[in-house]
Amino acid sequence: MRSKELSVERQTGLWRCTDLRKGLCGLRHPWLVSAGYSCSGPFCATAVAVKTLPLQTASTDVTDRILNLPLQMPDFFRLSELFSLKDLFDARVHLGHKKGCRHRLMEPYLFGSRLDQDIIDLDQTVEHLQSALNFTAHIAYRGGVILFVSRRRQFGQLVEITAQDCGEYAHTRYWQGGLLTNAPIQYGSGVRLPDLIVFLSTLNNVFQQHVGVRDAAKMNIPTVGLVDSNCNPSLVTYPVPGNDDTPAAMELYCRLFKMTINRAKDKRRQMELLQGLSAAGLTPGS
Amino acid sequence: MAASSGRTVGSFLWKCGNFCFNFNTVSSNLTRQVLSRQLCVSAVFHRKNLAAAGPEKFSEEFIKKQVEEFNIGKRHLANMMGEDPETFTQGDIDRSIAYLFPSGLFDNKAKPLMKHPDEVFPKQRAVQWGADGRPFHFLFYTGKQSYYSLMHDTFTKALAVEKHQDRLRGKGLFTQDAKQISLVGSRWLLKEELEELLVETISDHDYARFIQLMERLLSLPYCSAEEDFVQRYRRQLEIQSSKQQVQPLQYDQHGVAYSTGDGRRKTATGTVLLRDSGSGSISINGTNYVHYFPVLQDREQLMFPLHFMGVLGRFDMQCSVSGGGHSSQAGALRLAISRAMLSFLSEGQVETMRQAGLLTPDPRIKERKKPGQEGARRKFTWKKR
């Protein structure tokens, strides 16, 4: 049932998620279209036709209100209260790797370098983290399947516990080749793939990009990825430049994601109760 | 009674004649409907990727139906054999099936069998996700959820033990000689046993990692808190003793000490009753040993254990032997006499007998003839052209 809500969004090709995109300059992913704009150009040729919805009944009205209300506000879940720049600084999120490990595509996100160590620009990190958390919250609100991926053995246990606490899924083990691309054979037919993949480290144990990033891009699954100064941010939908090596930073991120997802799910339950009550009040039959 | 039972067996056999006995299962369906589906489980047993076999080859209702049919069939079988249906055990079922369907085949897996469906059908996984498509287990997307969940739990326990130790160190109550888990007489689960437990195939590497993690948990001084968890993954070893089991000496009504022993050689088996009366007479199957064994070599074989220990005239022997030829019968009796003598001897003497090879059963049997050869080793005459 819930997957239909997300698939309708995907079929139209419009990610209607956030007006925050307007604020972000230097759109890295022009193929992601913001709300309602008809697009031109080679990237979004399939995105124009909007499916007309069927006849509105009382129950679909309620469902539409539940689904559309959060999209009308920029920060519906008030996630900006969860963290501040100072919290990020205290958790040492701004510390990158040495100059020799720097990835070319991470240069826009770096503030500078001090004694050969790269410093990540926390102003940009705040914006990116805000939008990433907002997106995660919206996905969780719509009952999407969120998969946490990290191949760092130091933090594998932490990531698994985070996923368990939010009621979502984790994969901190060896990634078998066809997990996303060959899913019906691996798991059985009728399996539901994750609707969002959160990479708490985009590198694997041999410092190459995790296979999941490329596979998610192939399968049209949006990704939120924590990119350090030695990572490649190009295939990640919502990159969050930040440190992925320090335990303090990882604990901060896990706490933030857990709180976001729990907040979103609680909000959904609340909305359903409220709307259900109001619908029952309006129409005695339903 | 015989006629009626003959008829039921006949009808039963006619019905079961539809089944191909090459397959592993024969479900004794004695109700009116004949099971036309032929169940081939061999492919499922050897399949590596259980998920690729389909969501469920055997659904819940199917298994339940099989269990009901099995129970009804068991009662019918008990009635047929004239036993009480309430106390009809699996051993009785096996014996009855072996009686009703005598099979000349050698392989046990090829013979007809009737077992509870839980033993016959492999344990299958039910569908792993709910109506909305969300999987139940949080590690579902790893592919090996049970195994990784086990690793996760073990590691959590190890971390908890380490935290407990740190708290004790902080209070100053940490001691190295805390109570340890006793691992003597038990072994880790084998890879096959673990696979059976998890209902999942795991690789050798995974298994090695699991054992490594458990060993790490056991290396912590305060791991006794997790003893139950650890013991779940250990099995008791069977106690094997390398010493000879020496029977105690028995006394008959006249106070004469006696003991028995038995031995085998090739296809001959012999038993001997050794009496400490002091006359030195030997009777085999009722006749004197000189008449029974005209050949000197056989009589020497009989005497050798007594001669070796220097007790030639002490014992009285009553032997019985059957099977084989005269040489193997003599060898069987020699082993029987040596074993019977153990009760009369001390530890050191037992050891000398063992070293002399008197207590070792001779394992040599007739080697089978191979196809393409005239005998076991002899080849057909080689012709150059």
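A residue counts as exposed when its relative accessible area is over 50% and as buried when that value is under 20%, with the partly exposed residues in between. The views that follow show a predicted model.

**Close-up 1. A:Phe207, an exposed loop residue with a positive phi.** In this predicted model, A:Phe207 lies in the loop of chain A that runs between strand 6 (196–199) and helix 8 (211–218). Its relative accessibility is 63%, and because exposure requires a value over 50%, A:Phe207 is classed as exposed. The phi angle of A:Phe207 is near 60°, which is positive although the residue is something other than glycine. Most residues other than glycine have a negative phi.

**Close-up 2. A:Leu115, in the loop between strand 2 and strand 3 of chain A.** Strand 2 (110–114) and strand 3 (117–120) of chain A are the elements on either side of the loop that holds A:Leu115. Here too phi is positive, at about 50°, in a residue that is not a glycine. With a relative accessible area of 69%, A:Leu115 is exposed, since this value is over 50%.

**Close-up 3. A:Ser150, a buried residue in a loop of chain A.** The side chain of A:Ser150 reaches the backbone nitrogen of A:Arg152 at a distance of 3.3 Å. When neighbours within four places in sequence are set aside, A:Ser150 is in contact with A:Val159, A:His171, A:Thr172, A:Leu200 and A:Ser201.

**Close-up 4. The interface of chain A and chain B.** Contacts join 30 residues of chain A to 23 residues of chain B, and the area buried between the two chains is about 2,300 Å², of which 54% comes from carbon and sulfur atoms. On the chain A side, the residues that lose the most area to chain B are A:Gln157, A:Tyr169 and A:Tyr187, which together account for 29% of what that side buries.

**Close-up 5. Polar and charged pairs across the interface of chain A and chain B.** The rule finds 1 salt bridge across this interface; A:Glu168 forms a salt bridge with B:Arg134, and the closest N and O atoms of the pair are 3.0 Å apart. Polar contact is found for 12 residue pairs across the interface, both residues being at pLDDT 80 or more. Helix 6 (156–166), strand 5 (169–171) and helix 7 (183–187) of chain A each supply at least two residues of the side that touches chain B, and helix 6 of chain A gives the largest share, with 4 residues. By residue class, the side of chain A that touches chain B divides into 13 nonpolar, 11 polar and 6 charged residues.

**Close-up 6. B:Ala268, a buried residue in strand 5 of chain B.** Strand 5 of chain B covers residues 268–275 and includes B:Ala268, whose relative accessible area of 0% lies under the 20% limit, and therefore the residue is buried. B:Ala268 and B:Gly323 are 55 residues apart in sequence, yet their C-alpha atoms are 4.2 Å apart in space. Beyond its neighbours within four places in sequence, B:Ala268 is in contact with B:Gly263, B:Ser322, B:Gly323, B:Gly324, B:Ser328, B:Gln329 and B:Ala332.

Notes
Residues numbered from 1 in each chain as written. Chains lettered and ligands numbered in written order. Predicted model: local features only at pLDDT ≥ 70, side-chain atom pairs only at ≥ 80, totals over all residues. Heavy atoms only, no water. Buried < 20%, exposed > 50% of the residue type's maximum accessible area, 1.4 Å probe, protein only. Contact = heavy atoms within 4.5 Å. Buried area = accessible area lost by both parts, 1.4 Å probe. Salt bridge = Lys/Arg side-chain N within 4 Å of Asp/Glu carboxyl O. Polar contact = N/O pair within 3.5 Å; in protein donor to acceptor, adjacent residues only side chain to side chain. Nonpolar A, V, L, I, M, F, W, Y, C, P; charged D, E, K, R; others polar.
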